[in-house]
Amino acid sequence: MSINVENIRNITIVGHASKGKTTLCEALLNKAGATDRIGKIADGNTVCDYDAEEKKRKVSINSALATVDYKGKTINFIDTPGLFDFAMGSAEGIRAADTALIVVSARSGLAVGAEKAFKNTTSKGLSRIFVITKMDDERADFYKSFNEIVAKFGTQVCPVVVPVLSEGQVRSYYNMIEDKAYVYDGNSKKEVTPQPADVPRFEAIKSVFAEAVASTDEELMEKFFEGEELTREDKIKGVKLGMADGSIIPVFALSGATGVACDMLLDFIADACHAPSSEYAIDNNGEPVELTPDPNGPLAAVCFKTVSDPFIGKLNFFKVVSGKITPSTVAYNSNTGKEERMGKIIKMFGAKQIDVSEISEGDIGAVTKLGGFSTGDTMCSANNPVKLDGVTVPTATYKMAINAAKKGEEEKIAAGMAKLCEEDPSLKFTNNLETHQQIIAGLGEQQLDVAVSRLKDKMGVDANLSTPKVAYRETITRKVSAQGRHKKQSGGHGQFGDVFIEFEPYDTDKLIFAERVVGGSVPKNFFPAVEKGLNECMEKGVLAGYPMVGVKATLYDGSYHPVDSSEMSFKMAAALAFKEGITNASPVLLEPIVTLKAVVNDDAMGDIIGDINRRRGRVLGMTPTADGYQEIIAEVPDGEMTTFSTSMRQITQGRGSFETEFARYDRCPEHISQKVISEASAE
């Protein structure tokens, strides 16, 4: 049965780690009548933290969807992780939702994760609601947290449900829309007369709300200035308008752990949060097209999350922007140009799958066994192909080598990692052909630790992580000449090749081969064999066995035997000349240098520059960007960057971000060279 789009609410719950997001989601599901108790993270019985790793670690790792019906509305809650290592989950929730609940703890105040969530949800055009939770904590201070939010995000922050305080205790919760105060006792609540200790502050907060609501609409403004009371409907209308244009960001005080005042937030979501609206997509000609949530419109649905599980198979989560997904829909993927048969259509309640007949416009659901769809892909009609905005994938900056505990299981690691990367596109897996290592990259240590754990649990592969090897290079610093003479005699034909080669430094990645042989001392038909022999030697330098660069080799003399000389003989002679020549040409080790672009908050800039200097980096410049941030551009040896991701997060408290790009190779300092050479010898 189709759901009217006006009755759909897509809500993502975002914010800093351990501030009460999953607990809030539990309370809202309970108040909506979907569960008979509020689950606890400590007990491992919450609806949204159902993954084995989440239960083990007692923290959200994935985004999770739970759909409920409440007051005639279908509400899709997407609970997201707050740890920065699992920012992909937050990005998935933000892509699918229309409104974000940004959770702030009344105990610890505004945290970095809430700031980042505000920034990310604003950039995607979501309506935002601040939820100040943990009001049951004896150290809770609602007004401290509220004032921090106002100081950071401005006057559009508007109180809707606030605690009424007396003698430092919460006596009741006052709802600005209802103009009523309530006292909670277990699952029951009763209306009371608010008796705040600080009456002037209480009245000031009420007038902030009234003014904010009135200023969204001329008719309401007129009423307000004429001193007329705004009705409940007036207030909901004003808040709805203000949330849509960003001029109002409601604030709710509540306790997720006890469920106190959560019913008022749930009512607000049903009554005042807006339904899914139109989105722009790109058609085949690269032109923008507006898609409205119309059941009879052309199909356009974005895959915002993928689950690849050995037990439940592959699940793709879709938000339908236009049209609807039904069993008869042909699943055409505009990103790949391929189509496939529709799988089973389901709604999710945490881990529970509920079969449904369709996912209608504006709604969220999942489809099983679509092999060709990945996160970010658009499902549409082959006759009307469009591409919707995908999911913003955070950049993987933390790299480690992943090693099989048992020899020969490298292929199993590659197959397992392919599935994990499909689930979490912020994870990257590559084979480094130079260092012969399998490399896994992500957002931080915990994400990689979880990946290794899942490899074992889901794929049965034991693996461990280690610091990746650096892809060094070797080169020479002076010009030398060397002879290579290969002579072997044993019954029948012998082997004879003799070359004189000049080696010199040259600005090149590959070997430059030249010849100036006179008088036919080396016949021309052996030149390619000499070049081939030298090229093979370039693959392993004489210092630590790293590939060589920056070498020009000129064949200038030699001798040959009319019977015993062959291509193989001259190839061997070239190798002998190479070994002697390169060893005498003052070889040095080169290290890769990367260009680092780091965006950091002003107050962390000095410490970040100090950290770059400690890594033997060189700062090239700084540029102020928006909102008190600076972009630092520097060059840093790649070998020093392994732990930079962790330092950046610690120094900037998670506010900073960075990316790197290979720049060039530079000469390695002597102490580093000696260490690398001795390690290579030991191996």
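User: In what order do the four strands of the open sheet lie, and which way do they pair?
Analyst: This is a predicted model, where local features need pLDDT of at least 70, side-chain atom pairs count only at pLDDT 80 or more, and totals for chains, interfaces and linings use all residues. Residues are numbered from 1 along each chain as its sequence is written, and side-chain values use heavy atoms, with hydrogens and water left out. Strands are DSSP runs (E, at least two residues; helices are H or I, at least four), numbered from the N terminus, and two of them pair if DSSP finds at least two bridges between them. The pairing is mixed, and the order is β27-β28-β30-β29.

User: Which are the edge strands?
Analyst: An edge strand pairs on one side only. That picks out β27 (480-488) and β29 (512-515).

User: How are neighbouring strands of this sheet turned against each other on average?
Analyst: Axes are lines fitted to C-alpha atoms, for helices over the stretch in contact, and angles run from 0 to 180 degrees between N-to-C directions. For this average, direction is ignored. The turn is 25°.

User: Which residue in β30 stands opposite D498?
Analyst: β28 (residues 495-505) and β30 (residues 551-559) are antiparallel partners over eight bridges. Opposite D498 stands S559.

User: Which strands does helix α13 touch?
Analyst: Contact means heavy atoms within 4.5 Å. Helix α12 (residues 527-538) lies across β28, β29 and β30, at about 150° to β29. Helix α13 (residues 567-584) also packs on the sheet, and its direction makes about 35° with that of β28.

User: What volume does the largest cavity have?
Analyst: A cavity is a set of points on a 1 Å grid over the protein atoms alone where a 1.4 Å probe fits but cannot get out; lining residues have an atom within 4 Å of a point. Points are joined across faces, edges and corners, and volume is the space filled by probe spheres set on them. The structure holds three cavities of 30 Å³ or more. The largest has about 70 Å³.

User: Which element gives the most to the lining of the largest cavity?
Analyst: The lining includes Y143, V164, D198 and F202. β6 (157-166) and α6 (199-214) each supply at least two residues. With three residues, the top contributor is β6.

User: Which strand gives the most to the lining of the second largest cavity?
Analyst: This cavity holds about 40 Å³ of space. Among its lining residues are D98, E279 and K319. Three lining residues come from β14 (residues 313-322).

Definitions and conventions. On a 1 Å grid over the protein atoms alone, a cavity is a set of points where a 1.4 Å probe fits but cannot get out, and a pocket is an open set with protein on both sides within 12 Å along at least five of seven lines; lining residues have an atom within 4 Å of a point.
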